[in-house]
Amino acid sequence: MAKKRISDKMEKLLNTQMTREAYQAQVYLSYASWAEVNSFTGIANFLYGHMHEEREHMFKFLKYINDRGGAAKIEAIDAAPKNPKDIGDCLQKTLQHEIDNSKEIDKIVNLAHEEKDWATFNFAQWFVQEQIEEETLINSIIDKYNLASTNVDGNTSLYEMDRDLSDASQEAETPRDEAF
Ligand code: FEO
(Lines give C-alpha, C1' and ligand atoms only; values in the text may rest on other atoms or scores of the structure.)
Protein backbone atom coordinates (compact mmCIF):
# COMPACT_ATOMS: atom_id res chain seq x y z
CA MET A 1 0.00 0.00 0.00
CA ALA A 2 1.38 3.38 -1.03
CA LYS A 3 2.08 5.96 1.68
CA LYS A 4 -0.82 8.37 1.76
CA ARG A 5 0.13 11.58 -0.03
CA ILE A 6 -3.30 13.24 -0.32
CA SER A 7 -5.39 14.74 2.46
CA ASP A 8 -8.57 13.02 3.66
CA LYS A 9 -10.52 15.97 2.28
CA MET A 10 -8.86 15.62 -1.12
CA GLU A 11 -9.41 11.85 -1.13
CA LYS A 12 -13.13 12.44 -0.55
CA LEU A 13 -13.36 15.08 -3.26
CA LEU A 14 -11.48 12.90 -5.77
CA ASN A 15 -13.77 9.98 -4.96
CA THR A 16 -16.82 12.17 -5.51
CA GLN A 17 -15.43 13.20 -8.88
CA MET A 18 -14.63 9.60 -9.80
CA THR A 19 -18.30 8.70 -9.29
CA ARG A 20 -19.34 11.82 -11.16
CA GLU A 21 -17.30 10.73 -14.19
CA ALA A 22 -19.17 7.41 -14.06
CA TYR A 23 -22.37 9.46 -14.02
CA GLN A 24 -21.17 11.37 -17.08
CA ALA A 25 -20.80 8.00 -18.80
CA GLN A 26 -24.41 7.17 -17.79
CA VAL A 27 -25.57 10.42 -19.36
CA TYR A 28 -23.81 9.70 -22.68
CA LEU A 29 -25.00 6.10 -22.63
CA SER A 30 -28.63 7.08 -22.07
CA TYR A 31 -28.59 9.85 -24.69
CA ALA A 32 -26.86 7.51 -27.17
CA SER A 33 -29.47 4.85 -26.68
CA TRP A 34 -32.25 7.43 -27.04
CA ALA A 35 -30.67 8.72 -30.31
CA GLU A 36 -30.37 5.16 -31.62
CA VAL A 37 -34.01 4.39 -30.86
CA ASN A 38 -34.94 7.58 -32.71
CA SER A 39 -32.92 6.57 -35.79
CA PHE A 40 -30.07 9.06 -35.36
CA THR A 41 -27.48 6.33 -35.73
CA GLY A 42 -24.53 8.64 -36.32
CA ILE A 43 -25.20 10.77 -33.26
CA ALA A 44 -25.76 7.59 -31.27
CA ASN A 45 -22.35 6.25 -32.35
CA PHE A 46 -20.69 9.50 -31.41
CA LEU A 47 -22.35 9.49 -27.98
CA TYR A 48 -21.52 5.81 -27.39
CA GLY A 49 -17.92 6.66 -28.24
CA HIS A 50 -17.91 9.45 -25.73
CA MET A 51 -19.35 7.20 -23.09
CA HIS A 52 -16.08 5.23 -23.26
CA GLU A 53 -14.09 8.44 -22.79
CA GLU A 54 -16.01 9.16 -19.60
CA ARG A 55 -15.34 5.67 -18.29
CA GLU A 56 -11.63 6.30 -18.92
CA HIS A 57 -11.88 9.53 -16.96
CA MET A 58 -13.44 7.61 -14.09
CA PHE A 59 -10.57 5.13 -14.21
CA LYS A 60 -7.95 7.88 -14.23
CA PHE A 61 -9.39 9.14 -10.92
CA LEU A 62 -9.46 5.64 -9.48
CA LYS A 63 -5.80 5.05 -10.36
CA TYR A 64 -4.69 8.42 -9.10
CA ILE A 65 -6.46 8.02 -5.74
CA ASN A 66 -4.95 4.56 -5.22
CA ASP A 67 -1.48 5.52 -6.48
CA ARG A 68 -1.38 8.41 -3.99
CA GLY A 69 -2.12 6.12 -1.06
CA GLY A 70 -5.86 6.74 -0.85
CA ALA A 71 -8.60 4.23 -1.55
CA ALA A 72 -11.04 4.53 -4.42
CA LYS A 73 -14.58 3.77 -3.30
CA ILE A 74 -16.92 2.32 -5.88
CA GLU A 75 -20.32 3.72 -5.06
CA ALA A 76 -23.79 3.92 -6.57
CA ILE A 77 -24.12 6.01 -9.71
CA ASP A 78 -27.11 8.34 -10.03
CA ALA A 79 -29.73 7.37 -12.58
CA ALA A 80 -29.37 8.89 -16.02
CA PRO A 81 -31.48 11.98 -16.73
CA LYS A 82 -34.81 11.90 -18.56
CA ASN A 83 -34.78 11.51 -22.31
CA PRO A 84 -34.28 14.76 -24.23
CA LYS A 85 -37.11 16.22 -26.31
CA ASP A 86 -35.19 16.23 -29.58
CA ILE A 87 -31.63 16.32 -30.91
CA GLY A 88 -31.25 20.05 -30.20
CA ASP A 89 -32.31 19.48 -26.59
CA CYS A 90 -30.00 16.46 -26.36
CA LEU A 91 -26.99 18.51 -27.46
CA GLN A 92 -27.81 21.47 -25.20
CA LYS A 93 -28.22 19.17 -22.19
CA THR A 94 -24.96 17.39 -23.04
CA LEU A 95 -23.19 20.74 -23.10
CA GLN A 96 -24.71 21.70 -19.74
CA HIS A 97 -23.51 18.41 -18.22
CA GLU A 98 -20.00 19.21 -19.42
CA ILE A 99 -20.12 22.78 -18.08
CA ASP A 100 -21.33 21.47 -14.71
CA ASN A 101 -18.53 18.91 -14.75
CA SER A 102 -15.94 21.61 -15.51
CA LYS A 103 -17.10 23.43 -12.37
CA GLU A 104 -16.58 20.26 -10.33
CA ILE A 105 -13.04 19.89 -11.71
CA ASP A 106 -12.39 23.49 -10.67
CA LYS A 107 -13.20 22.50 -7.07
CA ILE A 108 -10.33 20.00 -7.16
CA VAL A 109 -7.98 22.61 -8.60
CA ASN A 110 -9.03 25.09 -5.90
CA LEU A 111 -8.52 22.62 -3.06
CA ALA A 112 -5.17 21.47 -4.46
CA HIS A 113 -4.06 25.09 -4.62
CA GLU A 114 -5.30 25.76 -1.10
CA GLU A 115 -3.49 22.68 0.27
CA LYS A 116 -0.39 23.28 -1.87
CA ASP A 117 -0.89 19.75 -3.16
CA TRP A 118 0.99 20.31 -6.40
CA ALA A 119 0.82 16.67 -7.49
CA THR A 120 -2.98 16.77 -7.49
CA PHE A 121 -2.91 20.26 -8.95
CA ASN A 122 -0.86 18.86 -11.84
CA PHE A 123 -3.15 15.81 -12.18
CA ALA A 124 -6.20 18.07 -12.30
CA GLN A 125 -4.71 20.20 -15.08
CA TRP A 126 -5.20 17.31 -17.50
CA PHE A 127 -8.91 17.49 -16.74
CA VAL A 128 -9.01 21.27 -17.02
CA GLN A 129 -7.67 20.90 -20.56
CA GLU A 130 -9.98 17.98 -21.28
CA GLN A 131 -13.02 20.00 -20.21
CA ILE A 132 -12.02 22.88 -22.51
CA GLU A 133 -11.81 20.35 -25.35
CA GLU A 134 -15.11 18.71 -24.50
CA GLU A 135 -17.01 21.98 -24.25
CA THR A 136 -15.46 23.07 -27.57
CA LEU A 137 -16.39 19.76 -29.18
CA ILE A 138 -20.03 19.87 -28.09
CA ASN A 139 -20.32 23.55 -29.01
CA SER A 140 -19.06 22.76 -32.51
CA ILE A 141 -21.68 20.01 -32.89
CA ILE A 142 -24.38 22.42 -31.70
CA ASP A 143 -23.21 24.90 -34.38
CA LYS A 144 -23.50 22.18 -37.03
CA TYR A 145 -26.94 21.21 -35.76
CA ASN A 146 -28.11 24.83 -35.82
CA LEU A 147 -26.91 25.18 -39.39
CA ALA A 148 -28.47 21.88 -40.45
CA SER A 149 -31.80 22.46 -38.73
CA THR A 150 -32.30 25.96 -40.18
CA ASN A 151 -31.26 24.96 -43.70
CA VAL A 152 -34.13 25.07 -46.24
CA ASP A 153 -33.33 21.47 -46.99
CA GLY A 154 -33.61 20.61 -43.29
CA ASN A 155 -34.11 16.86 -43.41
CA THR A 156 -31.27 16.25 -45.86
CA SER A 157 -28.93 18.46 -43.83
CA LEU A 158 -29.82 16.67 -40.61
CA TYR A 159 -29.34 13.33 -42.32
CA GLU A 160 -25.88 14.40 -43.52
CA MET A 161 -24.94 15.76 -40.12
CA ASP A 162 -25.98 12.49 -38.48
CA ARG A 163 -24.01 10.48 -41.04
CA ASP A 164 -20.87 12.63 -40.55
CA LEU A 165 -21.00 12.35 -36.77
CA SER A 166 -20.87 8.58 -36.90
CA ASP A 167 -17.08 8.54 -37.14
CA ALA A 168 -16.34 12.09 -35.97
CA SER A 169 -13.33 12.64 -33.71
CA GLN A 170 -13.93 12.67 -29.96
CA GLU A 171 -11.27 15.37 -29.67
CA ALA A 172 -11.53 19.07 -30.40
CA GLU A 173 -8.71 21.46 -31.26
CA THR A 174 -8.19 24.09 -28.62
CA PRO A 175 -6.03 27.24 -28.71
CA ARG A 176 -3.21 25.32 -26.96
CA ASP A 177 -3.08 22.87 -29.89
CA GLU A 178 -2.90 25.53 -32.56
CA ALA A 179 0.41 25.92 -34.38
CA PHE A 180 1.41 29.53 -34.89
FE1 FEO B 1 -15.15 13.53 -18.05
FE2 FEO B 1 -16.91 14.94 -20.22
O3 FEO B 1 -16.20 14.94 -18.52
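Good morning. I begin with the record: an unreviewed UniProt entry carries the annotation "domain: Ferritin-like diiron", and that annotation covers residues 4-149. What we are viewing is a predicted model.

Let us turn to the helices. Helix α1 takes in residues 8-37, which makes 30 residues. From its first C-alpha to its last, α1 reaches 44 Å, close to the 44 Å expected at 1.5 Å a residue. After α1 comes S39, which has a positive phi near 70 degrees.

Next, I consider a pair of helices. Two packed helices are described by the angle between their axes and by the distance between those axes. For α2, residues 41-67, and α3, residues 87-115, the axes come within 13 Å and cross at roughly 15 degrees. Angles under 35 degrees count as roughly parallel, and α2 and α3 are therefore roughly parallel to each other. The crossing of α2 past α3 is left-handed. Which residues meet there? On the α2 side they are I43, L47, H50, E54 and F61, and on the α3 side I87, C90, E98, I105 and I108.

Finally, I would like to consider D177, which lies in the segment after α5 (154-165). Is D177 buried, exposed or partly exposed? Its relative accessibility is 37%, so D177 counts as partly exposed. Leaving aside neighbours within four places in sequence, D177 is in contact with E133 and A172. D167 stands ten residues from D177 along the chain, and their C-alpha atoms are separated by 21 Å.

Thank you for your attention.

Notes. Residues are numbered from 1 along each chain as its sequence is written. This is a predicted model: local features need pLDDT of at least 70, side-chain atom pairs count only at pLDDT 80 or more; totals for chains, interfaces and linings use all residues. Side-chain values use heavy atoms; hydrogens and water are left out. Helices (H or I, at least four residues) and strands (E, at least two) are DSSP runs, numbered from the N terminus. The expected span of a helix is 1.5 Å times one less than its number of residues. Buried means under 20% relative accessible area, exposed over 50%, partly exposed in between (1.4 Å probe, protein chains only). Contact means heavy atoms within 4.5 Å. UniProt positions are given in the numbering used here, feature names are shortened, and annotations may be inferred rather than shown by experiment. Axes are lines fitted to C-alpha atoms, for helices over the stretch in contact, and angles run from 0 to 180 degrees between N-to-C directions. Angles under 35 degrees count as roughly parallel, over 145 as roughly antiparallel, 65 to 115 as roughly perpendicular and the rest as oblique. A crossing is left-handed if the near helix is turned anticlockwise from the far one by less than a right angle, and right-handed if clockwise.
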